[in-house]
Amino acid sequence: MKIVTFNIRYDCGQDGINNFCYRKPLILQKIRQEAPDIVCFQEVLPHVAVWLKESLEEYYVVGCGRSETLEDEQTAIAYRKDVCNLIRLEVYWLSGTPYVPASRYPDQSICPRMCTEAVFQELATGKVFRVANTHLDHEGPEARKQGLRQILDRLEGEERYAGTPVVVTGDMNAWPGSETIAILEEYPYENVTKDIGITFHGFGKTREPGCIDYIFTKGFVCESRERWTDEQEGVFLSDHFPVCAVLRAGYGRTTGSVIQ
């Protein structure tokens with residue numbers, strides 16, 4: 001399973017040669033070249049979601065916006081029509097009231113944060129796995145920790161999917177070694193993007209580039225991982241390097257037994 005976490009950068013029209021309209025061809029070229037099974041996007045505005053659905057003909061794109069009216073940015077998941085069947089989809093907000101649209105934790109920016117969670121079945125093998133895609137808060141360190149713990153507690157607490165392999169992806173807005181990423185030590189998840197290097201680069205201009213984009217797994221073996229660092233005459237895929245991992249399932253759906 002080839003899976004990508006990709007902060008596509010919201011289309012603000014203030015990025016010069018890296019405005020979204022100029023990045024579109026490079027994005028499509030890369031996705032078609034790599035043909036990932038699943039792409040977990042962050043910062044997808046409604047019109048960008050429409051473009052993804054129209055342009056990525058081999059994929060279904062699912063998700064909704066984070067505002068009270070389900071507009072604004074979304075953490076969309078694109079999955080290949082010929083590879084996966086969607087079993088269940090759920091979108092919830094990172095807050096004490098996860099089913100109230102636009103709800104937030106007290107120590108948080110004005111931006112609501114959310115998670116798009118999907119259960120898939122791989123068509124070729126019949127194996128079931130889960131994907132949770134998120135974008136944690138950029139201002140509130142406590143909100144980041146609460147949000148990540150909310151996602152992991154939720155994944156661990158569903159008995160019907162006990163033993164099912166899980167992937168958690170997203171822009172965590174937290175450095176390696178931070179208290180947010182240290183939360184993984186409390187759960188049986190592996191950071192397969194550990195030591196992968198810079199992921200946020202601000203179109204090559206930021207003074208403090210660093211790693212804030214991650215893929216966490218449980219029940220998978222990571223066979224390879226890489227950053228998509230493509231650039232053509234100063235135009236990048238995004239202000240983040242998308243991160244791609246090739247994963248192999250290591251556990252059964254309900255028993256946790258090793259797949260032979």
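This is a predicted model: local features need pLDDT of at least 70, side-chain atom pairs count only at pLDDT 80 or more; totals for chains, interfaces and linings use all residues.
Residues are numbered from 1 along each chain as its sequence is written, and side-chain values use heavy atoms, with hydrogens and water left out.

Let's start with strand S1, residues 2-7. Helices (H or I, at least four residues) and strands (E, at least two) are DSSP runs, numbered from the N terminus. Of the 6 residues in S1, 5 are buried, where buried means under 20% relative accessible area, exposed over 50%, and partly exposed in between (1.4 Å probe, protein chains only). S1 runs parallel to strand S2 (residues 38-42), joined by 5 bridges, and Asn 7 has Gln 42 as its bridge partner in S2. S1 also runs antiparallel to S14, with 4 bridges; here Val 4 is partnered by Cys 244. Two strands count as paired if DSSP finds at least two bridges between them.

Now turn to an open sheet of 6 strands, ordered S5-S6-S7-S8-S10-S9, with mixed pairing. Strand S5 (84-93) and strand S9 (190-191) each have a single partner strand, so one side of each is left without a neighbour in the sheet. Strand S6 (residues 114-122) and strand S7 (residues 128-135) run antiparallel and are joined by 7 bridges. Cys 115 has Thr 134 as its bridge partner in S7. As background, strands of a sheet pair through backbone hydrogen bonds, either parallel or antiparallel.

Next come the charged pairs. The whole structure holds 21 salt bridges, each a side-chain nitrogen of Lys or Arg within 4 Å of a carboxyl oxygen of Asp or Glu. In one of them, Asp 15 meets Arg 9 with the closest N and O atoms 2.9 Å apart. Asp 15 is buried at 15% relative accessibility, and Arg 9 is buried at 16%. Arg 248 and Glu 223 form a salt bridge at 2.8 Å, N to O. This pair links distant parts of the chain, 25 residues apart, with Arg 248 in strand S14 (residues 243-249) and Glu 223 in strand S11 (residues 220-227). Arg 248 counts as partly exposed, because its relative accessibility is 43%.

Glu 158 and Arg 160 are joined at 3.7 Å, N to O. Glu 158 is buried at 15%, whereas Arg 160 is exposed at 55%. Both belong to a network of salt bridges that also includes Arg 88, Glu 90, Glu 117, Arg 130 and Arg 154.

Lys 30 lies in helix H1 (residues 20-34). Lys 30 counts as buried because its relative accessibility is 8%. Beyond its neighbours within four places in sequence, Lys 30 is in contact (heavy atoms within 4.5 Å) with Trp 228, Asp 230 and Leu 237.

Finally, the largest pocket holds about 450 Å³ of space. Of its 26 lining residues, the closest to the centre are His 135, His 138, Asp 171, Asn 173 and Ile 212. A pocket is an open set of points on a 1 Å grid over the protein atoms alone, where a 1.4 Å probe fits, with protein on both sides within 12 Å along at least five of seven lines; lining residues have an atom within 4 Å of a point. Grid points are joined across faces, edges and corners, and the volume is the space filled by probe spheres set on them. Helix H3 gives the most to the lining, with 3 residues.
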